[in-house]
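This report describes a protein chain for a reader who has the sequence and the structure at hand.

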Amino acid sequence: MTLKKIITLLFLSQIYLFSQESRLDRILLEKNLKVCIWPEYFGISYLDPRTQKLIGIDSDLAKELAKDLKVNLEFVESSFPKFISDITENRCDIAMFAIGNTESRRAKVRFTTPHLESDIYAITTKENRKIENWDDIDKEGVVVAVAKGTYHEPIMKEKLNNAKLLVLDSMHAREKEVQSGRADVFMTDYPFAKRMLAQTNWAKLIKPNSTYHLTPYSWTVALGDDIFYNRIEQFVSDIKKDGRLYQLAKNNELEPIIKMK
């Protein structure tokens, strides 16, 4: 074999090895894990304005993941409209803030095995006389608010037949529309509903009469890279078996939506 052929083979082998490198290799080498969070998600990854510390089950579990990997943890602020681009453009390695596993999202990012599952709930005001129970929501003259980019948007587009759907640019916008009376209810999930009841004096919770639309919550990583994905899956399995998931769910009062299997 000629020297030229040997050099060519060595070059091609290096290209192959580089192409097979996992994100996990980089994380372990640099000893740094970048985790996308939405810091306004009560019970999940909430930045407490008093202490300026992140509290919630997924921010707690991100710390556990970094500990298991023996690396430093770096939180990256994200949101539901942004997390897919944050993942695909490598601003973070994994998004950990109870992301609803939906078909449209699965085409763009890879979901881990779910660790939580929530139904849809509605928040109205204590003064609203049109909305007394779940059956009052889908009626003529009722305005239902959802936040753009959340899974509530496509679900409510499909579910509502009579009420008007109002899609807003942020979570805060939907709260303001309901509080002002321009919308009658906004749709949310169990953790965020708990926040509204705990932190406001005007919110009233409307629960569905029966299961309305259960959505599994997971974390997301980029498509491909089986090595990194399988390591995260191992972590999910570990925290379910060793009790960390249950304990942190209990600490954050989320036992009703924990998904142990």
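Asp-136 is located in the loop that joins strand 9 (121–125) to strand 10 (143–147). The model is a predicted one. Although Asp-136 belongs to a loop, its relative accessibility is 11%, and it therefore counts as buried, since the cut-off for a buried residue is under 20% relative accessible area.

Which backbone nitrogen does the side chain of Asp-136 reach? That nitrogen belongs to Glu-132, and the distance is 2.8 Å. When neighbours within four places in sequence are left aside, the contacts of Asp-136 are Lys-130, Ile-131 and Val-142. Asp-136 may also be compared with Ala-66: 70 residues separate the two in sequence, and their C-alpha atoms are 46 Å apart in space.

Ser-118 is part of strand 8, which covers residues 116–118. Its relative accessibility is 1%, and Ser-118 thus counts as buried. The side chain of Ser-118 reaches the backbone nitrogen of Tyr-190 at a distance of 3.1 Å. Residues up to four places away in sequence are not counted in the list of residues that Ser-118 touches, which consists of Tyr-151, Asp-189, Tyr-190, Pro-191, His-213, Leu-214, Thr-215, Tyr-217 and Ile-257.

Asn-101 occupies the loop between strand 6 (94–100) and helix 5 (103–106). Is Asn-101 buried or exposed? Its relative accessible area is 18%, which makes Asn-101 buried. The side chains of Asn-101 and Arg-106 form a polar contact at 2.7 Å. Beyond the neighbours within four places in sequence, Asn-101 is in contact with Arg-106, Phe-111, Thr-215, Pro-216 and Ser-218.

## Two residues with positive phi

Most residues other than glycine have a negative phi. Gln-52 is not a glycine, yet it has a positive phi of about 60°. Gln-52 lies in the loop between strand 3 (45–47) and strand 4 (54–55). With a relative accessible area of 53%, Gln-52 is exposed.

Glu-253 also has a positive phi, near 55°, and it too is a residue other than glycine. Glu-253 is found in the segment after helix 10. Its relative accessibility is 48%, and Glu-253 therefore counts as partly exposed.

## Helix 3 and its two partners

Helix 3 (residues 57–69) and helix 9 (residues 226–241) have axes that come within 11 Å of each other and cross at roughly 115°. Because of this angle, helix 3 is roughly perpendicular to helix 9. The crossing of these two helices is right-handed. From helix 3, Leu-61, Glu-64, Leu-65, Asp-68 and Leu-69 take part, and they meet Arg-231, Ile-232, Phe-235 and Ile-239 of helix 9. By class, the residues of this contact are six nonpolar, no polar and three charged.

The axes of helix 3 and helix 10 (residues 244–251) come within 9 Å, and they cross at roughly 150°. This crossing is right-handed as well. Here Ile-57, Asp-60, Leu-61, Glu-64 and Asp-68 of helix 3 meet Arg-244, Leu-245, Leu-248 and Ala-249 of helix 10. The contact comprises five nonpolar, no polar and four charged residues. Leu-61, Glu-64 and Asp-68 of helix 3 take part in the contact with helix 9 and also in the contact with helix 10.

## Helix 7 and helix 8

The axes of helix 7 (residues 171–180) and helix 8 (residues 190–199) come within 14 Å and cross at roughly 50°. Helix 7 is therefore oblique to helix 8. Helix 7 passes its partner in a right-handed crossing. Met-171, His-172, Arg-174 and Glu-175 of helix 7 meet Phe-192, Arg-195 and Met-196 of helix 8. Three nonpolar, one polar and three charged residues make up this contact.

## The chain as a whole

The secondary structure consists of ten helices and 14 strands. Taken along the principal axes, the C-alpha atoms fill a box of roughly 85 × 35 × 35 Å.

The protein has 261 residues, and 50% of them are buried. Among contacts with a separation of 6 or more, 70% join residues 24 or more positions apart.

How values were computed:
Residues are numbered from 1 along each chain as its sequence is written. This is a predicted model: local features need pLDDT of at least 70, side-chain atom pairs count only at pLDDT 80 or more; totals for chains, interfaces and linings use all residues. Side-chain values use heavy atoms; hydrogens and water are left out. Helices (H or I, at least four residues) and strands (E, at least two) are DSSP runs, numbered from the N terminus. Buried means under 20% relative accessible area, exposed over 50%, partly exposed in between (1.4 Å probe, protein chains only). A polar contact is a pair of N or O atoms within 3.5 Å; within protein, one must be able to donate a hydrogen and the other to accept it, and residues adjacent in sequence count only if both atoms are side-chain atoms. Contact means heavy atoms within 4.5 Å. Axes are lines fitted to C-alpha atoms, for helices over the stretch in contact, and angles run from 0 to 180 degrees between N-to-C directions. Angles under 35 degrees count as roughly parallel, over 145 as roughly antiparallel, 65 to 115 as roughly perpendicular and the rest as oblique. A crossing is left-handed if the near helix is turned anticlockwise from the far one by less than a right angle, and right-handed if clockwise. Ala, Val, Leu, Ile, Met, Phe, Trp, Tyr, Cys and Pro count as nonpolar, Asp, Glu, Lys and Arg as charged, and the others, Gly among them, as polar.
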